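The following account leads the reader through one structure, element by element. Please keep the sequence and the model in view while reading.

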Amino acid sequence: MANLQTTYLKLPLKNPLIVGACPLTGDLDKLKQIEDAGAAAVVLPSLFEEQIQLHGMGLSQFPPREDDNLPPALQHIPQMDEYNRGANGYLAHIYQAKKALSIPVIASINGYYAGGWVQYARLIEAAKADALELNVYYLPTKPTVTSAEVEEMYLKLVRDVKASVSIPVAVKISPFFSALANIVHQFEAAGANGLVLFNRFYQPEIDPETKMVSSALQFSTPAELRLRLRWTGILRSQVKMGLCISGGIHSGRDILKGLMAGADAVMTVSALYQNGLGHIQTMLTELREWLETNDYGSLAEIQASVTRNQAKDTSAFERANYMTVLSSKKE
Ligand SMILES: Cc1cc2nc3c(=O)[nH]c(=O)nc-3n(C[C@H](O)[C@H](O)[C@H](O)COP(=O)(O)O)c2cc1C
């Protein structure tokens, strides 16, 4: 049987398929089903920066708690349920997930601004998370805010979080940077151990009849994978940090493409909402069968085999390909 082992964020994984951050991983029963279906790791749903108000709270004014849901190292943390249920419940969920599963558990924070809340990363580490994913998301709508300011804000966040924890830290970014390769290098220099390509935004929709704006969630399609393949293929030879694709992974074939482009692992979410958790096993079987049919004994043999540097046609990853593609459509 083909060997599917890989390493991401210094974590040895039995295969490259991680279930990405979403409410499915916020439920202990579902987490167990995810593990049973064969996923190699899970990312818990993000805790939002706005939910973490530790800074300036005056922790000492709260009585110590006794809570079997928390590891002993965290039981001195004040009972904050009435103040911030989310933050406290999140630590308990990490700890419970770690107790229930044998696969790695990656915690996630959605934020953009390094503040007092960054110390919360330490608590995430103390709750025994194997790694931390920082989903950096800020929508700069003010014309006075520059891209340099936004980038520096993100970089400071990564530096501060890295200074607080010793577990590996990944950054989940959007593709919307003017100079993506440059900011990715800076994230690596700031200490990031991994990069998740990419965040997927939920765009507003307009109903012309009611003139109402809605933001109903739409699941991804495999077509979204192409943007990730391009950037993974370009970045693979430029950075050492782990690369993980999130967005458009719906089948074993999609996993294969991501790995060939140079990803160390991939994440899936929409496909599981659409097909159920059993789809994890289906995707892994498809991946294994493809490798075996094509006489590969391990993933390592195909990983990064179609990066920008390795591809037969390197221009396929670049701007030069733009005109070729457009001119191929005659009618
Ligand atoms: C219902 C739902 C909830 C999500 N919640 C989070 C979240 O809390 N944090 C996060 O970083 N991404 C979140 N995501 C984004 C996914 O982790 C993933 O990046 C995105 O769905 C693209 O992957 P996919 O094409 O496999 O769905 C969520 C996605 C869905 C569908």
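**Strand β6 and its surroundings**

F48 has N110 in β6 as its bridge partner. The model in which this pairing occurs is a predicted one. F48 belongs to the contact between strand β5 (residues 47-48) and β6, where two bridges join the strands and the direction is parallel. Strand β4 (residues 41-43) is likewise joined to β6 by two bridges, again in parallel. Within β6, the residue opposite V43 is I106.

A further partner of β6 is strand β7 (residues 131-136), which runs parallel to β6 and is joined to it by six bridges. Here A107 has L132 in β7 as its bridge partner. With regard to burial, β6 is mostly covered, since six of its seven residues are buried.

The shell around the ligand comprises 21 residues, of which G20, A21, S46, S220 and S270 are the closest. Two elements give two or more residues to this shell, namely β6 (105-111) and α8 (270-275).

Attention may now turn to the helices. In helix α1 (residues 28-36), the buried residues are L31, I34 and E35. Viewed down the axis of α1, these buried residues fall within an arc of 95°, and they therefore line one face of the helix. The face of α1 turned away from the buried side carries the exposed residues D29 and D36. After α1 comes G38, with a positive phi near 115°.

Helix α5 (residues 180-189) contains Q186. Is Q186 buried, partly exposed or exposed? It has 16 C-beta neighbours inside 10 Å and therefore counts as partly exposed, given that the partly exposed class lies between 12 or fewer neighbours for exposed residues and 20 or more for buried ones. The C-alpha atoms of Q186 and E151 are 9.2 Å apart in space, while the two residues are separated by 35 residues in sequence.

Several backbone details in the loops also deserve attention. The peptide bond that joins L197 and F198 is cis, with omega of about 5°. F198 lies in the loop between β9 (194-197) and β10 (205-207).

The loop between α9 (279-293) and α10 (320-327) is the place of D295. This residue is not a glycine, yet D295 has a positive phi of about 65°. D295 has 8 other C-beta atoms within 10 Å and is therefore exposed.

A304 is also placed in the loop between α9 and α10. Its phi is near 60°, a positive value in a residue other than glycine. How exposed is A304, and on what count of neighbours does this rest? With 19 C-beta neighbours inside 10 Å, A304 counts as partly exposed, because a residue is buried if 20 or more other C-beta atoms lie within that distance.

Note on methods. Residues numbered from 1 in each chain as written. Predicted model: local features only at pLDDT ≥ 70, side-chain atom pairs only at ≥ 80, totals over all residues. Near = placed C-beta within 6 Å. Helix = DSSP H or I, 4+ residues; strand = E, 2+ residues; numbered from the N terminus. Pairing = 2+ DSSP bridges. Arc of directions from axis to C-beta.
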